Amino acid sequence: MNKSLTAADKTLIVLEAAIAHPRFTDVVNATGLPKATVHRLIQTLLDYEYIGQSEVGDYFPGPALLKLGGTALNSIDISQAAEPHLRRLVDRTGLTVHLGGLVKTEAIYLSKIEGVAPYHIPSGVGQSLMLHTTAIGKSILAFLPTDDVAEVAVAAGLPARTPNSITSLAELQQELKCIKSKGYCFDNEENVPGIRCIGAPVKARDGHVKYAISMTALAMEKSIADLEEYASLVLEAADGVSHAIGAS
């Protein structure tokens, strides 16, 4: 065994071995690490529920590991499932389309398909977004319980990104009511000056809104009225993604 292994290396090696081999002796043999090291790391993995242990002492994947794996699979699944619907929306409008998902008090871009314009929209997969200033974020917030919205506002704050940003909870809640009624929303240069978006919610398998799509344009090219003409197409795409990931 390479003596230059870090503590993180050893932990991952033991985790992989414990998933493949249910008995302690087999884990020790598979890793080549000292028994004391394996015992210590096994206990840490048990404490954090990355592995579990049956009454007869066999190891098995723990709830934390299953949750982590499920989260990763869901991200991959929705990106793949959404792709044809997002691409169809791009083909029908020529505009850049994004898919985003809720992560605690922010949203993360999970997918992006560029439009046909010669310019590049400054965004990318993995980029985080404020919820209160973006079409994706507001599409998600509108379908959260009121108490959850208030908690997000307290935890993340409502900072102004532009002069158009909503910065009060009362104003945000009023807008979210309108969004929930219409089923779609706008980012009217609220997150980035010169950028407008229209967004709509995407339901997860459990029926809750955890994702949203948005379509982006330069403010100098598209007014809010122009974007509203695309509302039915955006809603159709969002519904298509919801259906593709198992929402009823």
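Trainee: Which residues lie nearest the centre of the second largest pocket?

Mentor: This is a predicted model, where local features need pLDDT of at least 70, side-chain atom pairs count only at pLDDT 80 or more, and totals for chains, interfaces and linings use all residues. Residues are numbered from 1 along each chain as its sequence is written, and side-chain values use heavy atoms, with hydrogens and water left out. On a 1 Å grid over the protein atoms alone, a pocket is an open set of points where a 1.4 Å probe fits, with protein on both sides within 12 Å along at least five of seven lines, and lining residues have an atom within 4 Å of a point. The lining here has 20 residues, and those nearest the centre are Tyr109, Gln127, Leu129, Asn191 and Val192.

Trainee: How many residues of this lining are charged?

Mentor: Asp, Glu, Lys and Arg count as charged, Ala, Val, Leu, Ile, Met, Phe, Trp, Tyr, Cys and Pro as nonpolar, and the others, Gly among them, as polar. In the lining of the second largest pocket, ten residues are nonpolar and eight are polar, while the charged ones number two.

Trainee: Is α1 oblique or roughly perpendicular to α3?

Mentor: Helices are DSSP runs (H or I, at least four residues), numbered from the N terminus. Axes are lines fitted to C-alpha atoms over the stretch in contact, and angles run from 0 to 180 degrees between N-to-C directions; 65 to 115 degrees counts as roughly perpendicular, under 35 as roughly parallel, over 145 as roughly antiparallel and the rest as oblique. Helix α1 (residues 7-20) and helix α3 (residues 35-47) pack at about 75 degrees, their axes 10 Å apart. The angle therefore makes α1, relative to α3, roughly perpendicular.

Trainee: Which residues of α2 make the contact with α1?

Mentor: α1 and helix α2 (residues 24-31) pack at about 130 degrees, with axes 9 Å apart. That angle makes α1 oblique to α2. Contact means heavy atoms within 4.5 Å. From α1 come Ile13, Val14, Ala17 and Ala18, and from α2 come Val27, Ala30 and Thr31.

Trainee: How many residues of the contact of α6 with α7 are nonpolar?

Mentor: Helix α6 (residues 146-156) and helix α7 (residues 169-182) pack at about 140 degrees, with axes 11 Å apart. The contact joins Thr146, Val149, Ala150 and Ala153 of α6 to Leu169, Leu172, Gln173 and Leu176 of α7. Of these residues, none is charged and two are polar, while the nonpolar ones number six.

Terms used
Helices (H or I, at least four residues) and strands (E, at least two) are DSSP runs, numbered from the N terminus.
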